[in-house]
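I opened the notebook to record a few look-ups. The entries follow the order in which I made them.

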Amino acid sequence: MNRIFKRLASLPISFYCLLLILLPLVYIFFLSFLKSDSYGGFTYVFTLQNYLKLFDVVYLKVFAQSFFIAFITTVICILISYPFCLFVNEKSKMVQSILMTLVILPFLTNSLIRTYGWMVLLRKEGIINTILLNFHIIKEPLSLMYNNLGIIIGMVYTLLPFMILPLYSSISKIDPRYIEAAKDLGASKLTIFFKIIVPLTVSGLFNGVLMVFIPCIGYFFISDLLGGGKLMLLGNLIKNQFLTARDWPFGAAISIALLLVTYLLVRIYRKSGGEMDDLGGL
Amino acid sequence: MQHKILKNLFIFLVFFFLYLPILVLVVFSFNTSRMNIVFEGFTFDWYKVLFENRSLLEAFKNTMIVSLVSTLCSTIVGTLSAYVLHRYNFFGKKLIVKLLYIPIVIPEIVLGISLLSIYTLMKLDLGMFTLILSHIAFSIPYVIISVKSVLTQLNPQMEDAAKDLGANAFHVFWNVILPNLVPGIISGAMLAFTLSLDDVVISYFTAGPGSNTLPLKIYSMIKTGITPDVNALSTIILVFTLFILILVSIKQMRKIKKEARV
Amino acid sequence: MESKVIVKLENVSKSYGTKNVVKNFNLEVYEGEIVTFLGPSGCGKTTVLRMISGLEPVTSGKIFIDGKDMNGIEAMDREVNTIFQSYALFPHLSVYDNIAFGLKMKKEKKGNIQKKVKEMLKLVNLQGYEKRLPHELSGGEQQRVAIARALINKPKVLLLDEPLSALDKKLKKQMRVELKELQQKLGITFIYVTHDQSEALSLSDRILLMRNGSIIQLATPYELYEHPKSKFAADFIGDANIFTGEILGVSKGLANVLIDDTFHIILKDDGYQKGESVTIVIRPENMNVTTVNKEYNLLDVEMKNYSYDGAYYTVFAKSSLKKDLKLLLTKEKFANIQNKKIWKVFFDFDDMVVIRGNK
């Protein structure tokens, strides 16, 4: 009886890991070495062509653009999140829990709908431009979207909670006596921040970096809608390979490259003392 | 004092940023104008239009089905698995524990295309089934982590006590462990539900033509022209989730108060 | 003893990897007695208990409960129950449901369960507590629920794993008495694990002293205290002055032992060999202050410091020996020496326990 329970209970997780995690990734890895044919399929011929293609200037540019956008987004998220979390942390426990719930709340309306909200705001004839024009602050409507600015606004907006949540969780764990002790010893606010708060929250920070940087590379819909499809990100490139160009092996190779970057970031996160479990603890 | 005002202002600005696009949608759902530019007058018309917009409602229904079913499945599997991984040793466990973090850390787009590839490999028709399966795939690890955090705090002797009193493995799990996991299960389920509602990327690759969900429907509408009844629907979803959240927060606040008293 | 053997361990061993935590354990526990496993933490006593309960499999050897070989029989099917160190009450179940748990698992009839739980609540003096949850109870009350929850199953043996360690000192003493009374009333065999020697001495019929997974001595509390068979036993149970020395020679029924190269102790001969090393144990209360001149076993000492606990004085004294002496003196005896600089201690034959060899 006890053995049967153990066997049965471990079946779902085994099947899940095998069929929905391991198999898809192994298959993508396998695909990335195949030769694509002109009909959107592939032939079972081993080739490194897909990986070599990654070093083509066109694609290197896509990599560079994606990382640039992801980098800027991550930095902005950090700059907003640190003060935000520190200020929220000074509130009473009840207010803190309400504010943090309010941070998660927007997730419940789909991120695409919220991105659409930004389109309404940022368009040439959108709300922001209309207001600014009516108040005669500007004479010509600003180009707030269909460019890098639009993409970055959308990315920061969508991913900010993923930086705030882990950072807040590690800031709220700091023993306030450390800060008091530092003040007592005559440390300035800046010293307290850089010498005490940052080192104690470094794993929360890297957790946030991981949760912002990586999705940023893949969120094709934001660059589609707010970038106007002008700027190609890795996400768009992969999407196109799978749905439009139908060059699956090449798409698979880009994905593997992306996984490699992810793996590096995870290693850095682990080195900073981060626990894997905290990554899922939104 | 001035410091405090500045700090509160900063907090307010961040929330203003987070809620601005949502606010816009809510306000314009009551706008008489078809264009989302200037507020011309108050009307409920778009709500009426919404209830006649079959395809939008259908998309909403599909979204709810996908989110609810995938949350239910991933909560059940995730809870059981968290316990199994915590309690037992079996062949392949070490590998499984490592694999579980993959859906959390890898870019959603990679998970999306790799699931799409094996569905094609297995000759599964894309549709509601593959969509739900994909949502289950990315939610399970979150449920497991959430349940695990409660599991590790349970008194390990409790399980021994149950066995000692004649409980078999199933009864230990069902009568003793499971009731004590409820807080972890609820937060895991909420997480799964939230992630499922929010998802665009994975749905984009794994939904078939017949299974239009809200994000996909809106994605295509944005390209062909969006109507304010979408605003109305967004508003309804927002009010509905706010309602649930307020219920949960009230419960949580009661708990904080109770703990403060003890 | 005429009683029947209720638990028997035959060459039981337990190892985790290459680490042997229990080594070749042999033990017979008789029906109705309280046997205590006593030893420092990490000596394997809890592991032995867990092997008896079935929560831990044996690596080798056999365990019999009421004559039945327990090999392959899981915890849920063994007729023993355990009181856990943390009580391990089910936090989501009421006192009633906690106590009823075992019977529910056995699928007893509801009416029966109700009747038995009521009896148990009366036994442990918790009538009216049925609906409370564990976190609403005090430590002592939780302890009693744990006892009731175990006893309701009518176990052949009750296993208690440091059951009093979470209670404060006063409650501990009270529960000690309650446990002993309960045991006498019900006549159930107790196997009791503790690292607290005073608990073991006051509670047990027999004490099994353990160290590093092996049995050091199995004896009644009196035997163990008065006649420890090893230095470890003498040291672990109660206070003791312990001297190690070498037999210099034997003549006329007396043996001469040299301690620390300076002090000779004369013992009654017990077939000692010249050169044999012996350990001499004297309890602090058996250290005699004397004014009478004896021919041997007299040691000049000087008071170093003392403490007073209300009934006795504990005196630490310097001598030519390396280690300080510890004496437990009545008020009268203490008054005699209080103002003397040097005084004498006499080692009587009957007060010395001799342990042969270097154990």
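Entry 1, the model. I am working from a predicted model, not an experimental one.

Entry 2, chain A. I counted secondary structure elements and got 14 helices and 2 strands in chain A. I then looked up burial: of the 282 residues in chain A, 44% are buried.

I find chain C split into domain 1, residues 5-235, and domain 2, residues 239-356. I noted 40 Å between the C-alpha centres of domain 1 and domain 2 of chain C. Where these two domains of chain C touch, domain 1 supplies 7 residues and domain 2 supplies 6 residues. I sorted the domain 1 side of this contact in chain C by class and have 2 nonpolar, 2 polar and 3 charged residues.

I listed 15 residues of chain B in contact with 18 residues of chain C. Which elements of chain B give two or more residues to this side? I find α8 (156-164) and α9 (169-198) of chain B. The largest share of the chain B side comes from α8(B), with 6 residues. By class, I have the chain B side as 6 nonpolar, 6 polar and 3 charged residues.

Technical notes
Residues numbered from 1 in each chain as written. Chains lettered and ligands numbered in written order. Predicted model: local features only at pLDDT ≥ 70, side-chain atom pairs only at ≥ 80, totals over all residues. Helix = DSSP H or I, 4+ residues; strand = E, 2+ residues; numbered from the N terminus. Buried ≥ 20, exposed ≤ 12 C-beta atoms within 10 Å, placed from the backbone. Domains from an automatic or database assignment. Nonpolar A, V, L, I, M, F, W, Y, C, P; charged D, E, K, R; others polar.
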